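Me: I'd like to go through the labels on this one and ask where each comes from. Can you walk me through them?

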Amino acid sequence: KLFLEQQLKSKVTDANVNEVYKKYKEKFKGEQEVKARHILVDEEKDAAEVIEQLKKGAKFDDLAKKYSKDEPDLGYFTKNMMVKEFADAAFSMKKGQYSDKPVKTKFGYHVIIVDDIRDAQPQPLDEVRPQIENMLTQQALSDVVDDLEKKAKVTKYDLDGKEIK
């Protein structure tokens with residue numbers, strides 16, 4: 001056990017963890033994020049009216065003040081942060097686009113406008129350190145066992161105690 005601990009300690013160092021993080025930083029990105037605003041109303045006909053006014057050039061913020069029963073600005077969010085119907089609609093739209101039909105959820109009817117779409121920033125090293133250390137430990141353990149098998153004379157026996165050639 002002590003031998004393995006020493007071997008692993010020499011292979012799973014802060015320098016090794018940092019090296020792996022830098023090399024694979026892009027792999028530690030989170031999901032895509034959307035920044036959106038919405039107008040939430042109780043009736044589908046009200047949402048349809050909002051959409052018609054948007055088509056005629058009305059400003060989204062003005063309509064939100066007039067119609068919405070919720071705070072319009074939702075900020076950035078990932079797909080799993082919103083109810084499915086809302087997320088599916090928002091993540092299918094392009095930047096600057098508003099929903100061309102009301103989006104029904106358990107909260108009511110939404111008219112959504114997407115203000116921005118971005119890739120989430122890579123997770124900080126502190127958050128992914130345990131994953132990297134685990135990966136390095138597994139690799140180091142495999143290397144140590146492989147090395148021991150190459151250097152040692154290993155005799156394998158079957159269940160009857162006969163040597164396996």
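This is a predicted model: local features need pLDDT of at least 70, side-chain atom pairs count only at pLDDT 80 or more; totals for chains, interfaces and linings use all residues.

Me: Why does Glu 133 count as partly exposed?

Reply: Glu 133 has 29% relative accessibility, so it counts as partly exposed.

Me: What makes Arg 129 and Glu 133 a salt bridge?

Reply: The term asks for a side-chain nitrogen of Lys or Arg within 4 Å of a carboxyl oxygen of Asp or Glu. For Arg 129 and Glu 133 the closest N and O atoms are 3.8 Å apart, so the pair qualifies. Shared partners join Asp 14, Arg 129 and Glu 133 into one network of salt bridges.

Me: Where do Arg 129 and Glu 133 lie?

Reply: Both sit in helix H6 (residues 125-151), four residues apart, about one turn of the helix. Helices (H or I, at least four residues) and strands (E, at least two) are DSSP runs, numbered from the N terminus.

Me: How do you know that Asp 115 and Arg 37 meet in a salt bridge?

Reply: Their N to O distance is 2.8 Å, which falls within the limit, so the label holds. This pair links distant parts of the chain: Asp 115 is in strand E4 (residues 108-119) and Arg 37 in strand E1 (residues 32-41), 78 residues apart.

Me: Is Arg 37 buried or exposed?

Reply: Arg 37 has 16% relative accessibility, so it counts as buried, whereas Asp 115, at 24%, is partly exposed.

Me: Why are H3 and H4 called roughly antiparallel?

Reply: The axes of H3 (residues 44-55) and H4 (residues 60-67) cross at roughly 155° and come within 10 Å. Axes are lines fitted to C-alpha atoms, for helices over the stretch in contact, with angles from 0 to 180 degrees between N-to-C directions. Angles over 145 degrees count as roughly antiparallel (under 35 is roughly parallel, 65 to 115 roughly perpendicular, the rest oblique). H3 and H4 are therefore roughly antiparallel.

Me: Which residues of H3 and H4 meet?

Reply: Glu 49, Val 50, Gln 53 and Leu 54 in H3 meet Phe 60, Leu 63 and Tyr 67 in H4, contact being heavy atoms within 4.5 Å.

Methods
Residues are numbered from 1 along each chain as its sequence is written. Side-chain values use heavy atoms; hydrogens and water are left out. Buried means under 20% relative accessible area, exposed over 50%, partly exposed in between (1.4 Å probe, protein chains only).
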